[in-house]
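Have a look at the structure first, then we'll go through it by topic.

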Amino acid sequence: MSTPPGFDILHPDLVDAKIMRTALCLVLTALSAAFFARAQSGRAFKQAPGRVSLSFTAQRTLMDQYCVTCHNQKAKVGGLALDTLDLSRPGENAEALEKIIRKLRAGMMPPSGAKRPDPATYEALASSLESSVDQAPSRPALVPPGVHRVNRAEYANSVRDLLGIEIDPAEFLPVDDASSGFDNMAGSLTLSPALVEGLLSAAGKISRIALGHETALTEKRFVIPGDRSQETHIEGLPLGTRGGALFPYYFPANGEYVISWFPVRDYNGVLFAGNRKGEKVEVLLDGVRIKLFEMDQVTRVAEALKEKNQIRVPVKAGLHHVGIAFLATTQVPNEDLNRHSLRSVIESGPLEGFTFSPQIGQVMITGPYNGTRAQDLQSRRNILVCEPAGPASELPCARKILSQLAAKAYRRPVRDADLEDLLSEYQTGRNQHDFETGIERALESILADPEFVFRGEPAPANVKPGEAYQIGSLELASRLSFFLWSSPPDAELLALAAQEKLKNPEVLELQTRRMLADDRSRALVTNFGGQWLQLRNLANSSPIALDFPDFDDNLREAFKRETEMLLESIIREDRAVTELLDADYTFVNERLARHYGIPNVYGSQFRRVKLDGDFDVRRGLLGKGSIQLLTSLPDRTSPVQRGKWVLMNILGIVPPDPPPNVPALKESGSAESRAPIAMSMRQRMEEHRANAACAGCHRMFDPIGFSLEAFDAVGRFRTAEFHQPLDLSGQFVDGTRFTGPAELRRMLLGYAPQFVRVLTEKLLTYGLGRHADFYDMPSIRAIVQDAEHNNNRFSSLILGIVKSRPFQMSVKPAEKLARAAPTNRAGVVR
């Protein structure tokens, strides 16, 4: 099979490691040049109606009065020298002006305590600077096309959409690097030897699994988090059970599988059992019990690897759900008769307050034994769209199968050259064994092909280097689908693109709305939201168990689910994105409601509840336990992290790094502290801020963090610390005073337009797969201004992005870069 120049490392037959790594280095050199190139091109924007425009002279007067005291050639605070900045040449000075605009829109300048212009003048200056940049003749830059590898999530979704099987990409591929807050950035998605080997291995195994040909013995281990409490019912498991877990697992072949389970033990191998007797463990397959185990028969002291709590059971190939749980028939109190903590166990062994009832730690599935090829699989039906009646019809049938697979995999119509290569692979496999072996070999080639693993955007032949052009309809379809679904375009979108109808604004809007309504758009919640709001990092947040004995993995997962459901409600119901700041509803189950103190909520299922009265503090993102946990340390809250989170995610301000050799925060009541008694976090921080090197920056974010001290490190509401009332008062940089989370939230609502700009910037970054830079800000402002007319609904921002210049345009790279970038047989720049 002919392979695109520079991409022979992805060919399934290439096994020589030395050749692979040499080729890899050559590709990486070419890719690096394409990733980081920049060129100039763009559009001018009209000033929004109703804005006051100040002359360049008036702008200069205001800056001289309020800014240049600090931002001059001598002091150059923040790296800005505004005394020499030529405001009459905004195009040439766009980068510096965008820094000023961002600070003004976030209320950060002039700094706290400094004299400020009146609100009308302040707004006029910000608007005038924006208008001057937006209308400047110098155009915003576009990024030349280069290779854009799919990340792990996109790879798994691509396999799902192509073949109809769910895979765990972590089994094949290393973790993706992230930049600008996301792991789908083209510049970070490079190639490594481990990744190349993973892609090769994945192509072979996935093709065998999809066709039901994988019969090799495999082992899959599922580990339940160590702080998962198992005292209550788990959603998805039968009623009348407690604890355990439910795992989806794709059984690769028909055969017998051994399902083993291991209870939780302490460091010495002692079983966590407490004083309970008669406990029973139920193992289920697709909701049906396959065996009941007696916990009394489990060895009390054992090496976990030697345990034999297992059952061997025949299973048909395909996706099944394996469950394990305790029967909830024993409610005998444990040794701590007064009250035990909500967290069930602690790894070090029995301690007062923890139940130490039996818990499940791991489940392992091994097989198939006596495995046979599967026939009744949906993935086989997706692939084998025809069946040859005899030898004479095999080649036409193979052509039909591979034509359909290649069109989906490559995200474009198939060419004769594509089929020629694939049929050659098919014939090699057919000669080795049979028809299906030939199809398997060709499918493996498709899954390893650069056009499946990478996205490219070829420039039209008549476009000169450095010249802007509108990307092709097929490339636009891919940009749109990977943005909204983290997966390839479906048949409807591809058909419209192939017919050149997708560039019609009305058609593009209809398709965008259709895709937002599709279940696959939940990728915006898990992938975009999970990274923007850092929900993926919750797994790493582990408060000290002895300090927070009521915190467990159940609560951690509830925090995550609540925040995801809030964001999903904004997307699904097409609500104003500003409701993320003050939505008067949330989603809770019994565990989370108990933590928040919300009454009359029972069961493991989440439901929507109104937030009013005493629960007003839970409104919006700032009231969510997930955000409070993420911005805390294992043993305490962190006003600094909480304040910085607000600055970065709501106001779009990245605080400077702390200076070197800043002393650590002193422990409460320590000998080093001025007061050898327990001090509140605010008192400790104010003592810390006495250091002049710290005070300047801390004035930006500490007041915000202090107001959020109403929530402890695990998000519980409180009014006192160390039996002393909390001082929740603060003053924002602009002089606005507030006390507590509710008043802070109302203050931030005054900056709702800036929040919309920040969210749009994040969405554009995620959608383009590159950092949104200063030259993108005119486009972002245009999107936000248009969305204002539609109440800032989520769909308005998405539609504005997909219709914007950065999303629809690109620029042809310089000839040197174009020669360096490898191309595939279709001429796509890789």
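Let's start inside: leaving out residues up to four places away in sequence, Leu651 touches Ala106, Met108, Val646, Phe732, Leu748, Tyr751, Gln754 and Val758. Keep in mind that this is a predicted model. The protein has 28 helices and 20 strands, and 57% of its 830 residues count as buried.

**Nonpolar cores**

- Leu651 and Phe483 are the residues that touch the most other members of the largest nonpolar core, which has 103 residues.
- Helix α16 supplies the largest share of this core, with eight residues.
- Apart from that core lies another one, of 52 residues, and its members include Leu377, Cys397, Ala442 and Phe454.
- On the contact side, take pairs at least 6 apart in sequence: 72% of those contacts join residues at least 24 apart.

**Salt bridges**

- Are the two partners buried or exposed, or something in between? Arg102 is partly exposed because its relative accessible area is 25%, while Glu761, at 13%, is buried.
- Arg228 and Asp553 form another salt bridge, and here the closest N and O atoms are 2.6 Å apart.
- Arg228 belongs to the loop between β4 (218–223) and β5, and Asp553 to helix α16 (residues 553–572), so this pair ties together parts that are 325 residues apart in sequence.
- Both Arg228 and Asp553 are buried.
- Arg745 and Asp616 also meet through their side chains in a salt bridge, at 3.0 Å from N to O.
- With Arg745 in helix α23 (residues 740–749) and Asp616 in the loop between β15 (607–610) and α19 (625–630), the pair ties together parts 129 residues apart in sequence.
- Arg745 is buried, with a relative accessible area of 5%, and Asp616 counts as buried too, at 19% relative accessibility.

- Arg479 is placed in helix α12 (residues 473–484).
- Why does Arg479 count as buried? Its relative accessible area is 10%, and the buried class covers anything under 20%.
- A polar atom of the Arg479 side chain lies 3.0 Å from the backbone oxygen of Pro806.
- Setting aside neighbours within four places in sequence, Arg479 is in contact with Arg455, Glu457, Ile471, Leu768 and a run of residues that includes Pro806, Phe807, Gln808, Met809 and Ser810.

**Strand β5**

- Strand β5 (residues 241–251) is largely enclosed by the rest of the structure, because nine of its eleven residues are buried.
- Which strand does β5 pair with, and in what sense? Its partner is strand β10 (residues 318–327), and the pairing is antiparallel, over nine bridges.
- Within this pairing, Phe247 stands opposite Val322 in β10.

**Helix α9**

- Helix α9 (residues 416–432) has 17 residues, which should span 24 Å at 1.5 Å a residue, and its end C-alpha atoms are 24 Å apart, so the two agree.
- The buried residues in α9 are Asp418, Leu419, Asp421, Leu422, Leu423, Glu425, Tyr426 and Gly429.
- Elements covering those buried residues include α8 (391–410) and α10 (435–447).

**A loop residue: Val175**

- Val175 is found in the loop between α5 (152–163) and α6 (193–210).
- Is Val175 buried or exposed? Val175 counts as exposed, since its relative accessibility is 63% and the exposed class is over 50%.

Conventions: Residues numbered from 1 in each chain as written. Predicted model: local features only at pLDDT ≥ 70, side-chain atom pairs only at ≥ 80, totals over all residues. Heavy atoms only, no water. Helix = DSSP H or I, 4+ residues; strand = E, 2+ residues; numbered from the N terminus. Buried < 20%, exposed > 50% of the residue type's maximum accessible area, 1.4 Å probe, protein only. Polar contact = N/O pair within 3.5 Å; in protein donor to acceptor, adjacent residues only side chain to side chain. Contact = heavy atoms within 4.5 Å. Pairing = 2+ DSSP bridges. Expected span 1.5 Å × (residues − 1). Salt bridge = Lys/Arg side-chain N within 4 Å of Asp/Glu carboxyl O. Core = buried A, V, L, I, M, F, W, Y, C linked by side-chain atoms within 4.5 Å.
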